[in-house]
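Keep the structure open as you read.

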Amino acid sequence: MTVPEATSEEAGMDVPGAVLERGHVLHRQSVLLEQSVLLELAASQAPDFQASLRQILKSDAELLGVERVSYWSFSAGAEAIRCDVLYRRDANAFDGGTELRRRDFPRYFQALLDELYIAADDARRDGRTSEFTESYLKPRGITAMLDVPVWVRGSLGGVVCHEHVGGAPRVWTAEEQAFARSIGHVVSMALETAERTRAEESLRRSEERFRLLVDGVKDQALIMLDPEGLVVSWNAGAQRILGYEAAEALGKHFSDFHPPDSVARGRPQAQLRGATARGRLEVEGWRLRKDGTRFWAGVVLTSLRDEHGRLRGFAEVSRDMTERKRAERQQRLLAAASAAEQQQRLLAEASAVLVSSLDSDAALTAVAHRAVPLLGDTCLIHLQEGGGRVRRVACEHAPGSRAERHCGDLLGPEEGEAPTELVRVLRTGRSRFLPDTSRLLQRLGEEDSGRFVLFRRFRPASVLVAPMLARGRTLGTLTLFREELGHPYTRGEQALAEELARRTAYAVDNARLYEELRRAEQSQRFLGEATKVLVESLDYETTLSRVSRLGVPLLADWCVVDVVEEGNVLRRVAAAHADPAREPLLRELQVRYPARWDTNPPATRVLRSCQPELYSDLSDARLLPLVESPAHARLIRELGSDTVLAVPLVARGRILGALTFGAARKRRYGPVDLLLAEELSHRTAMAIDNARLYQEAQKAINLRDEFLSIASHELRTPITTLHLQLQHLQRHCAKSGDATLCRRLDISARQIHRLDKLIEGLLDVSRISTGQFRFNLEPLDLTQLASEVLEQFQQEAARADCRLVLRAEGPVTGRYDRLRLEQVLANLLSNAIKYAAGGPVTVGVEERGDFARLTVQDQGIGIPEKDLSRIFGRFERAVSPRNYGGLGLGLFITRQIVEAHGGSIAVKSRPGEGSTFTVDLPRDFRPGVKSARAGPTEGPEP
Ligand code: ADP
C-alpha cells in the first residue's frame, strides 16, 4: 500500500500565516489517502479493511498531530460502540477492544446521531462528551475530542475519534475539522469498497462453485434456454444423457430433444408456455437422444426472469427415469397382478363358502365379510323377498369405519322401505356405479326427504351397487362403500363386484331351490305319515289327537284341534305342544278360554268363514283383536305364538272343525306352510268323514242284522205251522184221488219248502253274525252223502231239464257235521241247476290224501272274473234279480260252513263256459287246529 507520508514540515505547520496552506495540504493528503486506500481495497481479492484502517488512522494522527486516533464500530441496534483500532502516536502502536454502551453515555450517542461531527475543544466540559470525563478522559489525560460519525449506506456504521492528550484543551481549526470529516468519508468509502469487493469475490466464488457444481452434475441434464427455447448452456450431465457435446447442443431448440410424435402434438411448445405462465413446470415424458433412442425423462422447467419480470429464458433440469419408470411399471404390474390374484382369491373363497353352505344367510354374511376391505369399507347384501319386501341379510364393515356405528340400525330385517338406489338396481337389473358421491352428498345436505337413506347414514365417498342376477331374475343387491376420498371405484372393481354378486345370486337361487325341494320332500313324508296315522283308526277322536301330535314339531310348536259337534257346539278335542312343559298352558287355555262362537280366535274365525287364516308375523297389534283379554294374549304369547296359521276341516262341503298351528320366532309361516296345513286338514277331514260314515254304516248293519234275526225267527213259526197244515191236506187229498188238487198242494208244499230254506238261510246269517253257528262233527262218508243229496234234487233237476251225474270211486270219509255238509252240497247243486241253462251238472267226490274234495261242475252261464271273489260275501250276487231270484246268501253260508270245518272253497269260471266250485275238507278236522290248506284257494294239484 502506498500511503503518502506526511512530511514533518507539513505536519508541523501551525503558524497562523500558514493556515490556508495547511488546509490545502490536509485536503490534498485526504484525497491522496482516499485514492490509495480505495485502490488498494478494490485491487485486492481479499481486501483487508483492518490494515487499511490502521493506515488511515496512522496517517490521520500524523497529519492532524493528534495523540490518539481510533475507529469504533457500532454494534447492531447502535446500542454500543466498540473500539476496533486505536492508534497511539507516542507509542506508534495499535490497540483496541474497549466498549462503550449507549445507556452509560446517552448524550454522546445522541450527538453522534444528531450532528455531522463532534468537535469538543474542551471535552471535559462539552455537554456531548463530558460524560466521559471521570471514567475515560481524566485517566487518559484527554482534553479535546474530534469525533466524526461514519455513515455506510444510510446507517451509522462507526465513528472516527480524535483524542487530544495535553494539559489544555485544543481548539480544532476548521481545516482540521474538514480533514477529520474527510477521514470519516475515507473510512466510509473504504468500508463500502471492502464490503463490495468481498461481495463480488464471494459472488465470483459462488459462481465458480455453481459452474463446478453444474459441470459436476453428471446424472442430470442442466440446460439453459433462451426465451425462444434455444440452448444457451449445456452441462456434462446433459452431454451424458442426451449424447450431444456442448458445442453441438448450443443453439439447438428445446424441441429437438423431443420425439417427432410429441413435437407433432405440440408438446414442447406447450411445456415452454406452461413454464412461462406458471413459473415452474414438472413433467414426465419421452425425450430423444442424439442417436435417435428414447428415454423417459423427469423434467423440471423453470422460467427465468430479471428484476423487471422480463422473461430471460428457462432452466431445464432433467433426469433419465427410464429405469425408474420400468421399475414402477413392473411394480404396478406386480401390484395389479397381486390385486388380480386377491380378486381371484376373493371370488374363489366366496364361491367355496357359497357351495359349502346352504344356510344362505350365514353364507351371505361370510361373502360380505370377505369382500371387506379388498372391495370396500362396508359391504351390504339385501335380498328381495315376497311382496316386494327387501331384507338386509348381511352388513360387514372394516374396523373403525363409519358403518360400524350404523350397521345395526340400517334397514333391519323387520323394517321399512328399501333405499331408492337399491330399488332401482332391483328393478333394472343393472348396477349403479357412483365413483364420486361428493356432489350427491352436497345436494343431500340440503334435502331432507327420506330418500337416499344409505348415503345419509354412511356418507360414503364412492359407491357400487351390483344386482344379484340368477336365471334372469334379480334376487337382491350387493352394495359396496368406500369412505375415504381418493380411492374411487374403478370399472374393473365394478366388474368384480358384479361377478361376486352373480355368483352369490346363483348360490342363493340354488339354496332356495334346494330348500323348496327339501320342504316338498319333508311335506310328502309328513303327509305320508299323516295318512298312515289317519287310516289306522276309525275312531275320530283318536285320529284328531294323533293329528295334533303329528303337527308338532315339524309344522308347529303347538297345535290345537276344534270340532263342531251335534247341535252346532264347538269343542276342543285335541291339543299338543312340542315342549311338554308347556302342555299345561294349552289346558289352561282350554279351561279359561274355551272355543265359543261369540269369540274371535283364529280357529273360530276359520269355522265361521270356512277360509284359512295366516298370521305370518303375529304382532301385538294383530293379536289383540283375536283375544278376549290381555291375560288371554299373554297366555297365547307364552305358548310361543309369533306366527300362527289356522285351516278349516271340510269334508263333502261340510265344516267339521279347524286346525290351528303356532310357532315361535325362529319360524315364519308363509304360503308353503299354508298349503301343507291345508293338505293335512284335507286328509284329516276325509279321515274324520270316513270314520263317521263307517260308524254310521256299522250302526245300520247292526240294525239290519237285528231286524233279520227277529224277522226270520218271527217268520219261522207261522211257516212251520203252515208246513204241518199242508202235509195234513196232502194226506187227505191222496185219499180223495183229486189229482189237480194234489198237484196244486205239491206246488204249495214246494214253495213252502223254498220259503223255509230262505228263512233258514236268513237265520243262519244271523247265527253266523252273532256267533251261534254250531257244528256237530261225526264220521261221515261224503260219497254216500252226495248220492243222497243228488237223489233229493232229481225232481228239481228234471224240472229244469238238467241231468245230474255223480262221479265217485268209493267212500270218502271224514269227521263232518252231516246237516251242514248236506247244506253245502244242496247250495252248490241248486245254484248249478239254477244257472246251468239246461246243461248237465256233475258232482265229484274224491280223496286227496288228508283231504276230501267235493266238486260241483256245470256248463251254464258262468261268472265274470271281476265277481269271482265277491260272490262268497254276504248278500253278494253277480246276476240281475230280474232274471234270477235269490238273496245272495247261499255261497256266503257255504263258505262259513266249509271254513268252520277247516276247509276251503274256490271257483273257476268264465262267462258262458260254466262254473266249477271246489270244496276241500280236511278228513280229520279238530276245531282250533288250523289247517295248512285253509282259505278259499284253488285246490291242491293231483
Ligand atoms: P243266489 O244264488 O241266491 O244269488 P248265492 O250266494 O248262492 O246266491 O250265489 C251268489 C251268486 O253267485 C249268484 O247270484 C250268481 O250270480 C253266482 N253263482 C253262484 N253259482 C253259480 C253258478 N253255478 N253259475 C253261475 N253263477 C253262479
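Helix 17 and helix 18 (residues 540-551) have axes that come within 9 Å and cross at roughly 160°. Anything over 145 degrees counts as roughly antiparallel, so helix 17 and helix 18 are roughly antiparallel to each other. The handedness of this crossing is right-handed. Bear in mind throughout that you're looking at a predicted model.

Now stay with helix 17 (residues 491-536) and turn to helix 23 (residues 671-736): these two axes come within 10 Å, crossing at roughly 15°. That angle makes helix 17 roughly parallel to helix 23, since the cut-off for that label is under 35 degrees. Here, too, the crossing is described as right-handed, with helix 17 passing helix 23. So helix 17 runs roughly antiparallel to helix 18 and roughly parallel to helix 23.

What about helix 25 and helix 26, and at what angle do they pack? For helix 25 (residues 782-799) and helix 26 the angle is about 40°, and the axes are 10 Å apart. That makes helix 25 oblique to helix 26. Their crossing is right-handed.

Helix 26 is also a handy way into the ligand site. Which element gives the largest share of the shell around the ligand? It's helix 26, with four residues. In all, 21 residues sit around the ligand, and N831, Y835, D858, R877 and L891 come nearest. Sort the shell by class and you get 11 nonpolar, six polar and four charged residues.

Next, have a look at the backbone around the ligand's oxygen atoms. A polar backbone atom of A878 is 3.1 Å from an oxygen atom of the ligand. For V879, a polar backbone atom is 3.5 Å from a ligand oxygen. Over at G890, a backbone N or O atom lies 3.2 Å from an oxygen atom of the ligand. How much of the ligand does the protein bury? Taken alone, the ligand exposes 520 Å², and the protein buries 97% of that.

As for where the shell comes from, the elements giving two or more residues to it are helix 26 (818-835), helix 27 (890-900) and strand 29 (915-922).

Note on methods:
Residues numbered from 1 in each chain as written. Predicted model: local features only at pLDDT ≥ 70, side-chain atom pairs only at ≥ 80, totals over all residues. Heavy atoms only, no water. Near = heavy atom within 4 Å. Polar contact = N/O pair within 3.5 Å; in protein donor to acceptor, adjacent residues only side chain to side chain. Areas by Shrake-Rupley, 256 points an atom, 1.4 Å probe, with all protein chains shown as cover. Nonpolar A, V, L, I, M, F, W, Y, C, P; charged D, E, K, R; others polar. Axes fitted to C-alpha atoms, helices over the stretch in contact; angles between N-to-C directions. Parallel < 35°, antiparallel > 145°, perpendicular 65-115°, else oblique. Left-handed = near helix turned anticlockwise from the far one by under 90°.
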